[in-house]
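I opened a new notebook page for this protein.

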Amino acid sequence: MEENSHRLQPIGLTQGVSLSNVHLVMFREEETGRLAPLLISADESKVIGRAMYKQDFSTITLTLRLAHHFDIYLDYVKIHFSHNGIVSSVLYFKSEREEKHITTNIADGVSAAINQQVPIIISDEDFNQRILRHQAEGKVAVPISEMTTDLLQEALKSAVNEENYELASIIRDEIKFRNKSQETRE
């Protein structure tokens, strides 16, 4: 397992109140108990919920069975963030001779870790960017870079309705930046 990483336990799921399209999986860091929310899609929330609450691992069962057939076992799962804020999970498998890994969506990674009872880790840098700091009871903040464009649009409307023009300006600038980046790529 990697040095300078934190072990996480999924402890629950939540959905936004003021932003209804927000879905989060909440993790607790094993050593200190600090919380780390992770923004996920509604579909990912359903998959993780089935794994956590119903022990339904149907999305990852075939992969794990195939690996076991070849004497390859899941060792740990790492949460990974790309430079553009996209979150994925990397499943690290071990056999007697080698270690292999595959990248998948966050829901399948968390489900696999729950099913196989292996650690979920996150790098120190990623963890420190996502832990909850001085949040009001019942409120969670996620980095703007992790929000989808649709979610940013919803957040912009909410900020304007609440007359929080400073936040609305930040969100508007992020939307403009993303639109320019998209135009440049096309």
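My entries follow, one topic at a time.

**Ground rules.** I am reading a predicted model, where local features need pLDDT of at least 70, side-chain atom pairs count only at pLDDT 80 or more, and totals for chains, interfaces and linings use all residues. I number residues from 1 along each chain as its sequence is written, and side-chain values use heavy atoms, with hydrogens and water left out.

**Sheet.** I looked up the strands (DSSP runs of E, at least two residues; helices are runs of H or I, at least four; both numbered from the N terminus). I found 7 strands in an open sheet with mixed pairing, in the order 3-2-1-7-4-5-6. Two strands pair if DSSP finds at least two bridges between them. Strand 3 and strand 6 are the edges, each pairing on one side only. Strand 4 and strand 5 run antiparallel over 8 bridges.

**Aromatic rings.** I searched the whole structure and got 1 aromatic pair. Tyr 76 and Tyr 92 are stacked, with 4.5 Å between centres and 10 degrees between planes. Rings of Phe, Tyr and Trp (its six-membered ring) pair if their centres lie within 6.5 Å; planes under 30 degrees apart are stacked, over 60 edge-to-face, the rest tilted. Tyr 76 sits in strand 4 and Tyr 92 in strand 5, 16 residues apart. Tyr 76 also stands opposite Tyr 92 in the sheet pairing. Both are buried (under 20% relative accessible area; exposed is over 50%, partly exposed in between; 1.4 Å probe, protein chains only).

**Cores.** I noted that a nonpolar core is a set of buried Ala, Val, Leu, Ile, Met, Phe, Trp, Tyr and Cys residues joined through side-chain atoms within 4.5 Å. The largest has 30 residues; Phe 27, Leu 38, Leu 74 and Ile 79 touch the most other members. Helix 3 gives the largest share, 5 residues. Another core, of 13 residues, lies apart and includes Val 22 and Ile 171.

**Salt bridges.** I counted 6 (a side-chain nitrogen of Lys or Arg within 4 Å of a carboxyl oxygen of Asp or Glu). In one, Glu 30 meets Arg 7 at 3.2 Å, N to O. Glu 30 lies in the loop between strand 2 and strand 3 and Arg 7 in strand 1, so the pair ties together parts 23 residues apart in sequence. Glu 30 is partly exposed, at 40%. Arg 7 is partly exposed too, at 38%. I also found Lys 100 with Glu 98, at 3.4 Å, N to O.
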